[in-house]
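Let's take a walk through a protein chain together. Have the sequence and the 3D view open while you read.

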Amino acid sequence: MAKWIDLIDPAPDELREQLPRKVQESALERLLAPAEPEDEPRPTLQNHGDYVFGIFLVAVAVPEEDRVFYQEVDVVITHDVLVTVSKTPPGEHPYDPQPTRESCKPDDSAGMMFYRLVDDIAEHYLDLVDALDAEIDELEDNVETAPAARTRVRLSELRHDLLHIRRTLAPTRDAIRRVVDNVVEVTEGEEVFPHEVEVAFNSAYDKLLRAFDGLELSRDLIASVRDYLQSKVANDQNEVTKKLTALASMLLVPTFIVGVYGQNFKHHFPELGWQWGYAWSWALIVVTTIAQLVFFKRRGWI
């Protein structure tokens with residue numbers, strides 16, 4: 001019967017005591033290294049002789065805070081022992097494998113337990129893609145009402161998150177593909193990934209592929225929202241330009257009339273000697289202004 005040992009931020013002595021084999025120094029350093037959000041390791045799965053060593057990152061979305069953080073899980077696998085080392089990100093909580101452990105069957109090998117762990121990680125990525133799509137849809141719905149500057153900032157954040165997730169998801173997918181293709185296996189002792197386990201890993205690999213395809217769709221959705229925002233900004237600028245043009249035109253005609261009557265050519269302007277000349281000029285100004293106002297209003301410019 002296989003054994004699953006789960007450790008959270010273990011001390012060096014505790015880790016060495018629980019490891020089923022003496023591991024390479026590079027692997028031990030990685031197992032003991034604290035989680036660093038600015039220097040996350042690349043997910044991988046490697047054969048180290050009589051055990052398999054792996055590094056995985058679980059992406060977790062926090063929709064209410066519009067952010068994504070990563071939980072690191074390192075693994076050491078032999079035929080009958082699975083050791084997982086969960087690391088606590090600064091200010092966050094570590095990955096909890098307890099629900100996955102409870103789903104394991106009594107006769108599961110360590111390789112099958114590891115499959116259930118990877119399958120749960122793949123489910124996390126699918127949930128993350130769904131959360132991102134929901135965020136993008138909400139952003140698109142609010143393009144018309146939200147300030148353009150805030151929308152641009154959020155689009156930039158989402159694009160950065162997508163790129164980060166892609167850099168994490170792609171090597172995770174490649175690592176699991178190596179199990180499916182029987183590339184990763186111990187060279188000493190009983191095999192960790194027998195055929196039935198490799199077949200089971202196809203399911204996790206398929207979920208990771210779906211998550212990766214979902215990321216591509218999310219990237220297209222972000223591009224669509226960005227184009228929509230740019231179109232809206234251009235339309236808003238056109239509306240402002242039309243309003244300013246209408247305002248300038250309404251001021252231009254009265255200015256022209258006042259300019260004409262302000263010229264000092266008394267003998268050529270009979271209205272200057274007319275009793276109603278002043279009222280006539282004002283009436284002309286008011287009528288032309290109202291006529292322009294009605295015209296621009298019907299055109300929808302103001």
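What follows goes from the overall outline to the strands, the cores and the salt bridges.

This is a predicted model, so keep the ground rules in mind: local features need pLDDT of at least 70, side-chain atom pairs count only at pLDDT 80 or more, and totals for chains, interfaces and linings use all residues. Residues are numbered from 1 along each chain as its sequence is written, and side-chain values use heavy atoms, with hydrogens and water left out.

**The outline**

In sequence order the pattern reads β-α-α-β-β-β-β-α-α-α-α-α. Along its principal axes, the C-alpha trace spans about 120 × 35 × 30 Å. The radius of gyration is 35 Å, while a compact globule of 302 residues would have one near 19 Å. (That value is taken over C-alpha atoms, and the globule rule is 2.2 Å times the number of residues to the power 0.38.) Buried residues make up 43% of the 302, where buried means under 20% relative accessible area, exposed means over 50%, and partly exposed is in between, using a 1.4 Å probe and protein chains only.

**The strands**

On one side, E3 pairs with strand E2 (residues 44–47) in the antiparallel sense over four bridges; two strands count as paired if DSSP finds at least two bridges between them. Here glutamine 46 stands opposite phenylalanine 53. The E2–E3 hairpin has four residues between its strands, and glycine 49 in the turn has a positive phi of about 85°. E3 also runs antiparallel to strand E4 (residues 67–77), joined by 11 bridges. Leucine 57 has glutamate 72 in E4 as its bridge partner.

**The cores**

A nonpolar core is a set of buried Ala, Val, Leu, Ile, Met, Phe, Trp, Tyr and Cys residues joined through side-chain atoms within 4.5 Å. The largest one has 62 residues, and those with the most contacts inside it are Ile77, Phe114, Tyr125, Phe193 and Phe201. Helix H4 (110–141) is among the elements that each supply at least two residues, and H4 gives the most, with 16. Apart from this core lies another, of 15 residues, including Ile5 and Val83.

Which helix holds leucine 158? Leucine 158 is found in H5, and this residue is buried at 1% relative accessible area. Leaving aside neighbours within four places in sequence, its contacts (heavy atoms within 4.5 Å) are Leu132, Glu135, Ile136, Leu139 and Ile222.

**The salt bridges**

A salt bridge is a side-chain nitrogen of Lys or Arg within 4 Å of a carboxyl oxygen of Asp or Glu. By this rule there are 16, including these:

| Pair | Closest N and O atoms |
|---|---|
| Glutamate 92 and arginine 67 | 2.6 Å |
| Lysine 87 and aspartate 74 | 2.9 Å |
| Glutamate 123 and lysine 207 | 2.6 Å |

Glutamate 123 lies in helix H4 and lysine 207 in helix H6, so this pair ties together parts 84 residues apart in sequence. Lysine 87 is buried at 1% relative accessible area, and aspartate 74 is buried at 0%. Those two also belong to a network of salt bridges linking Arg30, Glu72, Asp74 and Lys87.
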